[in-house]
Structures are given as structure tokens and as C-alpha cells.
Amino acid sequence: MEMERAIENRGCCLVQKFRKSLRRHLLFILTLSAVIFGFTLGFLLRLAEPSADALLWLGMPGELFLRLLKMMIIPLLVCSVIHSTASLDPKSNGKISIVAFAYIMLTNILGCLIAIALFYVIKPGSESPLVEGKTNVYEAVPQDIFADLLRNIIPDNMVEATFRQTQTKYSHEMVEQFQLVDNSTRKNISSNQNSTIQMVQKLVKSVGKTDGPNILGLIVACMFLGTAAGKMGKKAKPFLDFFAVSTEVVLQVLRWFLWMTPVGISSLIAASIAGTRDVTGTFSSLGLFVLTVTLGIVLHQALFLPLIFFLTTRRNPYTYFLSIGRAWLIGFAATSTAVAIPEMLNACENKNHIDKRVSRFVIPFCVTLNADGSALFITAAAMFIANISGHPLTFGEVAIIGLLTAIASLALPSVPSSSIVTLIMVLSSMNVPVHAVSLLFAVEWFLDRIRTTSNVLSHTHCAAITHHFNRQGPGKTEEPEMIEEEVELIVHSPDAYNS
């Protein structure tokens with residue numbers, strides 16, 4: 001009897017452990033199932049050649065899911081950065097920024113180097129030029145993107161920075177070119193019939209605005225506010241209480257929204273696949289280029305990033321990767337690292353026990369500046385376009401492309417297909433025709449997703465590595481600790497809402 005009872009108790013314990021594990025990983029299992037379902041549904045519907053209206057409604061749940069997440073990104077960023085920087089002393093703030101920026105530059109350069117190495121091994125587009133070279137009409141100069149980056153670091157209006165950012169605008173004006181009669185006078189074309197009017201197109205640059213939040217500017221402004229509040233001590237306690245509670249409230253709302261992840265992901269993937277008419281033909285014509293980028297992303301995620309992670313933290317990088325699986329899948333479906341911010345924070349803080357003050361500063365900082373997956377894609381794409389346009393590159397030109405891309409990746413917005421804009425800038429600076437870039441849109445739905453997953457993985461690695469180098473205590477003080485305890489009481493106490 002005792003033996004049977006022991007077996008029965010053991011069986012009950014196993015069932016309870018299974019249920020507990022299933023409950024803990026339910027959302028991840030549902031999300032993974034949604035990815036498989038989305039691909040299956042998309043390929044099946046593609047056979048029926050759905051209309052644009054059908055694709056619109058197929059992708060509508062996914063679009064609404066993205067809009068829900070985007071709605072909360074700015075409130076989360078502002079509240080979390082102010083509160084986290086206030087909890088750190090200025091010395092720790094500086095150390096965290098230096099470690100994070102060093103990691104960002106290292107991984108951006110690493111992405112470029114991987115692309116260059118694979119390009120020389122696989123040589124995509126080297127068989128025969130697919131397109132004829134044409135005059136390059138895109139006249140943007142590389143320094144404009146860096147000038148815009150500096151302007152966006154210091155926003156002139158913090159409220160406007162929540163929905164607009166600075167960007168150099170280009171326009172063309174037709175001007176008359178006058179013919180010189182001698183060294184001192186010009187002949188007016190309209191008064192002399194023997195002269196001919198020559199109209200010249202002139203590029204005019206101006207500093208304008210473009211839609212999209214200026215995340216980098218908001219981070220800098222919030223850092224100043226948080227650091228100042230931390231220096232003021234008890235005087236700033238009501239100010240910090242507000243942002244501490246606001247952070248927890250926004251995170252709670254996002255936790256509700258994340259239960260829509262399976263529906264949103266399956267909708268986004270199914271709509272993307274169903275709208276691609278000739279998948280086989282596309283991949284066969286651009287096969288070596290897709291292979292180069294895909295292999296580079298796989299090596300980057302499975303070998304190089306884990307190696308950096310292990311050498312710096314002495315932790316198992318693959319266990320860490322599994323812990324951020326849900327954020328990885330959200331990035332894959334949404335093609336935007338900004339949308340995955342809530343899940344990245346959740347994975348870092350709750351699953352990997354990274355200091356909240358570190359993760360809530362580093363993750364938004366990386367979303368703005370860290371784009372190693374995109375750097376890999378841009379470098380490979382620039383060399384591929386040059387090859388198929390009949391413009392072979394010397395090793396010196398390849399090195400310049402890698403350097404330009406590594407720096408330009410710092411200014412990439414965290415939105416879908418933003419890499420294409422930077423790719424055009426890099427090609428223009430090398431005097432390579434840009435019209436062939438349109439070929440890449442055929443495979444952009446796939447490549448954009450896999451490079452976004454690299455960015456998501458890199459962001460979370462940066463948070464863990466920065467935490468490791470600051471784990472001796474990132475300037476913890478008594479007052480911010482009291483604030484965090486009060487937050488827990490306010491958020492979780494039912495009486496708090498009735499007072």
C-alpha cells in the first residue's frame with residue numbers, strides 16, 4: 001500500500017510540475033505554434049492568389065497588434081529611462097553608457113566583417129551582371145545622415161520628439177546657366193539669339209522633419225531629467241514616484257497586450273507569405289545573395305554573439321537565448337525591434353534577473369543605435385548590387401563600404417525596411433547605380449525578419465553584458481529603493497485604487 005501511495009504521489013507531483021511548466025511557457029508555445037500556422041496558412045492562401053482586399057483583412061489582426069504595442073512604447077521609454085537613471089549615480093550612468101556603446105560599435109563592425117568574409121567566399125552576383133549600369137541620380141552625401149544623427153541627439157522640442165525627428169530633405173531646382181562673353185561680363189540669354197539656354201538641375205538641401213519618434217533624443221532628454229532628479233534627493237521624490245508607478249502601469253498594460261501575440265504573429269506572417277506571388281522564382285534568381293545574408297545571420301546568432309556573451313559573462317549563451325525566445329519571435333513577426341521592447345525587458349528582468357535600472361536604460365539605447373543584423377545585410381547588399389550592376393569593387397572600396405555601414409547603422413530607425421534607405425546612401429557614396437535596389441524588395445519580407453531577430457538578440461546580450469560589468473552595484477541608493485518598494489504597494493494593493 002505504501003509503495004502504491006508513493007507511486008501515486010510521485011505521479012501527482014509530475015503532473016503538477018508539468019502543469020506548472022506548461023502554464024509558465026504557455027505563451028511561448030502558443031507563439032511558436034502561431035509562427036508555424038502563419039507560414040502554413042500563407043502558403044495555402046497564396047495558391048488562391050488572394051486580392052489586395054483579402055490580404056488587407058488577413059493582415060488586419062496583425063496590424064492592430066502592432067498598433068497596440070507601438071501605442072505604449074513612448075510612455076514606457078520615457079518613464080523607465082527617467083526612473084532608472086535617477087536610481088543611478090552619474091558615475092554609474094557614464095560607465096553603463098560606455099560599456100553599452102562599446103558593445104554596440106563592436107557588434108556593428110562584426111556584422112560588416114561577417115558580410116565581407118562571406119561575400120568573398122560565396123560571391124553572389126558575380127556570374128553575370130543582371131542589370132545595366134545607369135547614371136546615379138541619387139545625390140545624397142554621406143555626411144547628411146551623420147548630421148541628422150547629431151541633430152536628433154539634441155531635440156529642439158521634447159514634445160515634438162515623441163512623434164517627429166529631424167531629417168535632411170532634398171529637392172531639385174532648374175536654373176539657367178549663362179554663357180560668358182569675356183572675363184567681366186555675362187551675356188543675357190534672352191537678349192541674344194546666337195546664345196543657347198542651358199538648364200541645369202541643382203540639388204537643394206534643407207533641414208526638415210519626418211514622421212516617427214526621435215527615440216535617441218528622448219533618451220538623452222530623459223537621462224538629463226532623471227540624473228537631475230536623482231541629485232535633488234527627497235525634493236524630487238514625488239516626481240520619481242510618479243514615473244516609477246507609471247512604468248509599472250505601462251508594463252501591466254503591455255502584459256495584457258502580449259497575450260494577443262499568437263494571433264498577431266500568425267496574421268502578419270500569413271499576409272506576408274500570401275502576398276508573395278513567385279517565391280521559388282525569386283529565391284532562385286537571388287539565391288546566392290539570400291544564402292549569403294542568411295548564413296551570415298545564422299553564424300552571427302549561433303556562433304559570434306554567443307562567443308562574446310560567454311567570454312564576457314561566463315554564462316551559457318544558449319540557455320540565455322531560450323529565455324528570450326518570445327522576444328525573438330515577436331521581432332521576427334513584427335520586423336521591428338521597438339515593438340519587442342516590452343518582451344525584451346520582461347525576459348531580461350524576470351527571467352535573467354538583470355537590474356531593472358540597467359535594462360530599462362540599455363534596451364531603449366540599443367534599439368536606437370544597435371543594428372548589427374542590419375549592418376550585415378547592408379554590407380552584403382551593397383556589394384551584391386555593385387556586382388550585378390557591372391561595377392566590381394576593389395578591396396579598398398569594400399573596406400569603405402564596411403566602415404560607412406558600421407557608422408550609418410547607428411542612425412537606423414527601428415522600423416521595417418529602414419536598411420534600404422541606408423543602403424541607397426552607401427551605394428551613392430561609392431558612385432554605384434542604385435536603381436537595382438528594387439530587386440531586393442522581392443526578398444525583403446524574409447531578410448527583414450531574420451536580421452531583426454539578430455538585432456533583438458544583440459540588444460538583450462548588451463543588457464546582460466552591461467549588467468555583468470556593473471553588478472558590483474550601479475550606484476544604488478536608499479531613496480530609489482524606498483521608491484521601488486512603494487511602487488509594489490501601490491500597484492498590487494487593492495486599497496490603493498480606492499484612496
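R326 is buried (under 20% relative accessible area, with exposed over 50% and partly exposed in between, 1.4 Å probe, protein chains only), at a relative accessible area of 11%. Its salt-bridge partner is E343, which counts as buried at 2% relative accessibility. The pair links distant parts of the chain, 17 residues apart: E343 belongs to helix α14 (residues 341-351) and R326 to helix α13 (residues 325-334). Helices here are DSSP runs of H or I with at least four residues, numbered from the N terminus.

A word on the ground rules: this is a predicted model, where local features need pLDDT of at least 70, side-chain atom pairs count only at pLDDT 80 or more, and totals for chains, interfaces and linings use all residues. Residues are numbered from 1 along each chain as its sequence is written, and side-chain values use heavy atoms, leaving out hydrogens and water.

Searching the whole structure gives ten salt bridges, each a side-chain nitrogen of Lys or Arg within 4 Å of a carboxyl oxygen of Asp or Glu. Here are some of them:

| Salt bridge | N to O distance |
|---|---|
| R151 and D148 | 2.9 Å |
| E343 and R326 | 3.2 Å |
| D448 and R451 | 3.3 Å |

R151 and D148 sit three residues apart in helix α6 (residues 143-153), so about one helical turn separates them. R151 is partly exposed at 33% relative accessibility, whereas D148 is buried at 9%.

D448 and R451 share helix α19 (residues 444-469), where they are three residues apart, about one turn of the helix. Both D448 and R451 are buried.

Conventions
Helix = DSSP H or I, 4+ residues; strand = E, 2+ residues; numbered from the N terminus.
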